[in-house]
Structure formats: structure tokens, C-alpha cells
There are 2 protein chains.
Amino acid sequence: MDLIDGNQIATAIIAELKAEVAAIGGRKPCLALVRVGEDPASISYVKKKEKTAAEIGVTSRVILPPVSITQAELFKLIDDLNADAAVDGILVQSPLPKHIDEVKVFRRVSPDKDVDGFNTINLGKVAQEDDTGFVACTPAGIMELLARSGVDLKGKHVVVLGRSLIVGKPIALLALQKRAGANGTVTVCHSATANLPAITRQADVLIAAIGRPEFVTAEMVKPGAVVIDVGVNRVPDPSKKTGYRLTGDVAFATVARQCAKITPVPGGVGPMTVAMLMKNTVKAFRMQALAARGG
Amino acid sequence: MDLIDGNQIATAIIAELKAEVAAIGGRKPCLALVRVGEDPASISYVKKKEKTAAEIGVTSRVILPPVSITQAELFKLIDDLNADAAVDGILVQSPLPKHIDEVKVFRRVSPDKDVDGFNTINLGKVAQEDDTGFVACTPAGIMELLARSGVDLKGKHVVVLGRSLIVGKPIALLALQKRAGANGTVTVCHSATANLPAITRQADVLIAAIGRPEFVTAEMVKPGAVVIDVGVNRVPDPSKKTGYRLTGDVAFATVARQCAKITPVPGGVGPMTVAMLMKNTVKAFRMQALAARGG
């Protein structure tokens, strides 16, 4: 069994981006990070994104509206960033307070600056196989993990567990695309799927994104399969200082024994998302520059 | 075996829409039909749409630019229709001449008037399960055929043959939606799929949309399955006056013997597309009226 090391692959991508940004003369790519309120997880996510941006040489502009901001005010803030030629990418950190409609906010971000890939147009572009859009960071990261681990999906049966908008559906559409590395036969399973193990056992590549700790057990996996674990679940663990440990959607210890390749949790898909956010930001910068030149 | 009669179901929908439109006081819904050039198939399709609109009481406005129209001129024409408050739906008949980028034209149509459902935003909304958009007419028609034939996809394995943008991908996303009638486990197969019969034989509901005459044979179908045939293929037939006969993607005679329900070709999915176009037009009218009232 080979471990697919997300930390190592993310580090390689970050190094590539650093070299690419270093070669840019003049203004560097700029990512606006909007964090509403003081949610502890959001604070830590935004900090991580800021740190990685700095490492690469991407300018970050952190904007911290209070939790009391109205939706109209947040729209205005986004409109200003959309119009600001010095800003290439905009990320509005989720979750937003309950009084704000998240989907509407994501739709407000200009599709050309939507480095999170959550705008409806960019989701549509994934279905259309249109490369001018942005792919959401987690599914983009999974495709990159597969490509850099030598896994070609062509002719393979890819089974996706979970139909979420930010992982399940876009990864299914990506795996299905008619392009090198993709071209998979794709099945999407979910909570209403009957006879699930009989389906997951057919997977040459199994992608688990359902948010249920250690849900995928060895009997559900075909020997020799590639397993991508997107889950990040907190399981109570009194032996830990924090009182919990992180576990994926896959029962790693037993599944790892029989599969060909597997991502660990943590250290698999997780580190890829920030790397892909930076890749999208540099892409946004290139596209803006091209548009400014009338290209 | 039950025949799923598309003509009968389409007729029922058209009657419902006719009653609905009759009840509308004042201005009736208006559909703009743009046909570029004199392609014989396009002439016949647009005529059929005009005729059905008239039957329902939907006003149609047929616009016939010459084949020499430039892309910029076509954009201008669409912009004018987008801005025209008397127009609810806009359909640009495909195929367009080679010098015009079809995807760009579809994207130019306002998402709120895109009754063909080809705008990138409306495709994204299908993935987002957002009902404010428009679903492309063929996949919408398939869902309606299933619903009106008492086929609930919940817990069923739906296998889609074909990954096209106008049928395969949207029908997969629709079947997957978390809503009454849908909730299927969905597999998408295509030209690069290995061991295809083993996969199609698992289908409780098999949707064939690959454009290959009689490709699906009895060995590929599980006894008791529901089979939806989206194909419309012309096969040379000297016994016919036209020199050809129409056939679907399914070998009807042998498959019909073992499945529970099946759509014929012609008279299955085909008649549904125009009915769904009209349904979308009436929906666009309602949404415009609501928006005008500030709703």
C-alpha cells in the first residue's frame, strides 16, 4: 500500500507557485480574505491562508467585518472588491452568520475573482468543461492528488460517497470530464443509496465525502482500490489534550491493508485545499492581466 | 411491459398549460424564437414550437436573421430581447453557423429568460438544486415522464449512458437531487467505460443518450428495469419514402420484452421537449411578473 502524502504534494505545489510568483515583475497577485465575526475555526483557517499566501509571495488583504454586518453591507463590500483592479481573488470565509444567505454571497463574488469556485457560474463551467472558470479547492485538490500519484481515471470506475455541492458533485463532474487523467465512469452514492457496499466494492477509485467517522470499512473496498478520504471528523478521545482526535470517513487501519493507495487524515486531502486556493489566485491574476491587455 | 407514452403525457402537459395561460389576465407569456439561416431541421423545429405555443396561448415572436449575421450582431439582437419587458423567454435554435460560438450565445441570453436551460448559470443551478433556474428541456422532460409514470428514483440505481451537456450531465444531476421523485444513486457511463454491460445490467432505471442506433441490447438490461431512450437516429431504410427510419439508442423489440417500462422512439422523450419548453416559458413569465411586483 502506498500512502498518498497530501502534505508533500501540497508543499511541492506551493514551491512551484512561489517560483512562478517570484518571476512576476511588478504587482504581485492579491487575495482578499473576508472573515465575518470571530468564529474560532474561521480565524484559524484565514490565518493559515494568509500564512501560505505570504510564503508564496501572494499579497493578502484581510477584511474583518463584525458579525453584525448586514447582507446589504456585505454585498457592498464584495462589490467594491469586485471593482478593485488591485484585487485578483476574493474569498469569503464560510460559515457566515445565520442572517446572511451564503449562496447569494458566493454568487455576488465576481466569477472572475471567485477563487473558491463557489459561484454558480463556476460550478456550471465544471459541467461544461470550460477551463476559464475556477474549480472549488477540495475537488481540485483531489484531482491533483490523483494526477501526482500516477492515478489515471480513464476506464476506471470512480465511486463518490456523498453528493455535496462543494465536494461530491464537483468531483463527480471532474472525474467524468473528457480529458487526460479523467474520463472515469462515475457513480455517486449517498444516504438514500440501497445496498451501498455492493456499489462501493466496484470502485477502482473510492472517494469518501460524507462526514461520518470511519464509515467506510474493509468489506466495502475492493482489494487494490485507490481510496481518497475527504472526511474530517472529530471523535471524542479522552487521551488527547483537546479531548478529541481527527478521523476521516474511512476506517484507515483496516482499509489501508488491502488498498493500493490511500490518503491519510490528517495529511491527505486537507493540505491540498489551501494550495489549490493559491493556485486559483495566481490563475485569477493571470486572467485579469490577460483581460487588461485585451487578450 | 408498459409503454411510456410521451405523446400522451406531452398532450396532458400542454392541456394543463393551456388552462393555466387562459387564466392569465392581460398580457400572455411571450417566447422569442431566434432561427439563424435556413437549416431545414431548424425550420421544422421552430415551426413545431410556434404551433405548440399558439395552441397553449403563448405569444411567439419569430426572428429570422440571415446566416451571414455576425456574432456581434446576434449578441445585440439577444441584448435587445433581454431588455424587452414584453419578452419572457428566448430560444436561439441550434445549430448556429460555424462562425458563431454557440456556448457564448447561450451565455448571452439572460438567465431569467433562458427557457432552453443552456446558460451556464442555469446548469449550475441544477447542481445547486436551485429552483429559480431553468432545466434544459430534454432532461426536464425525462424527469416528468418518470414522475407521471409512477417511477420514483429513491433508492434506485439510475445508469445514464452518455455524458453530454444537454442530456447526460443534467439528467444525472437531476436524478441525484435530494427531493421527492429523485434521490437516485447515479452512474454515468460513456465511450471510455470499461465492461459496460456489467454496469448497465445493474440499472433499475437505464437512460440511453449516446446517439448510437440500437446500441442497448437485451443482454445489457436487467429484467424489470425502466428504460428511457433519448436517442433519435436515422437508419437507412429503402422501404421508406424518406430512405430512412428513426430508431432510438435501444433495440426496442428485444429489450421491451424484458423491461417493466420503456419509452418508444419516436413518441417517447421527443414530444416532451417542446412541452417542457412551454412549461419553462410560462415559468419565466411568472418569475418576471413576480420580479416586476418587487417579489
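Colleague: How are H6(B) and H10(B) oriented to each other?

Modeller: This is a predicted model. In it, the axes of helix H6 (residues 137–148) of chain B and helix H10 (residues 270–292) of chain B cross at roughly 100°. Angles of 65 to 115 degrees count as roughly perpendicular, and H6(B) and H10(B) are therefore roughly perpendicular to each other. Their axes come within 8 Å.

Colleague: Which residues make that contact?

Modeller: H6(B) contributes Cys137(B), Thr138(B), Ala140(B), Gly141(B), Glu144(B) and Leu145(B). From H10(B) come Met272(B), Thr273(B), Ala275(B), Met276(B), Leu277(B) and Asn280(B).

Colleague: And how many of the contact residues are nonpolar, polar and charged?

Modeller: Seven are nonpolar, four are polar and one is charged.

Colleague: Turning to the two chains, what rotation superposes chain B on chain A?

Modeller: A rotation of 180° does so, with 0.0 Å of shift along its axis and an RMSD of 0.0 Å. This is therefore the relation of a two-fold axis.

Colleague: Why do you say that the copies meet through the same surface?

Modeller: Because 100% of the interface residues of chain B are also interface residues in chain A. In the contact itself, 23 residues of chain B meet 24 residues of chain A.

Colleague: Which elements of chain B give two or more residues to that side?

Modeller: They are helix H5 (120–128), helix H7 (168–176) and strand S6 (185–189) of chain B. H5(B) supplies the largest share, seven residues. By residue type, the side of chain B that touches chain A has 11 nonpolar, eight polar and four charged residues.

Colleague: In what sense do the S6 strands of the two chains pair, parallel or antiparallel?

Modeller: Strand S6 (residues 185–189) of chain A pairs with S6(B) in the antiparallel sense, over three bridges. Within this pairing, Val186(A) stands opposite Val188(B).

Colleague: What about the open sheet in chain A: in what order do its strands lie?

Modeller: The three strands lie in the order S3-S2-S4, with parallel pairing. Strand S3 (59–63) and strand S4 (89–92) of chain A are the edge strands, each pairing on one side only. From one strand to the next, the twist averages 20°.

Colleague: How many bridges join S2 of chain A to S3(A)?

Modeller: Five bridges join strand S2 (residues 30–34) of chain A to S3(A). Leu31(A), for instance, has Ser60(A) in S3(A) as its bridge partner.

Colleague: Finally, how is chain A divided into domains?

Modeller: Domain 1 of chain A covers 25–111 and domain 2 covers 137–270. Their C-alpha centres lie 29 Å apart.

Terms used. Residues are numbered from 1 along each chain as its sequence is written. Chains are lettered from A and ligands numbered from 1 in the order in which they are written. This is a predicted model: local features need pLDDT of at least 70, side-chain atom pairs count only at pLDDT 80 or more; totals for chains, interfaces and linings use all residues. Axes are lines fitted to C-alpha atoms, for helices over the stretch in contact, and angles run from 0 to 180 degrees between N-to-C directions. Helices (H or I, at least four residues) and strands (E, at least two) are DSSP runs, numbered from the N terminus. Angles under 35 degrees count as roughly parallel, over 145 as roughly antiparallel, 65 to 115 as roughly perpendicular and the rest as oblique. Two residues are in contact if their C-beta atoms, placed from the backbone, lie within 7 Å. Ala, Val, Leu, Ile, Met, Phe, Trp, Tyr, Cys and Pro count as nonpolar, Asp, Glu, Lys and Arg as charged, and the others, Gly among them, as polar. Domain bounds come from an automatic or database domain assignment. Two strands pair if DSSP finds at least two bridges between them. Copies are superposed by least squares on the C-alpha atoms of residues with pLDDT of at least 70 in both.
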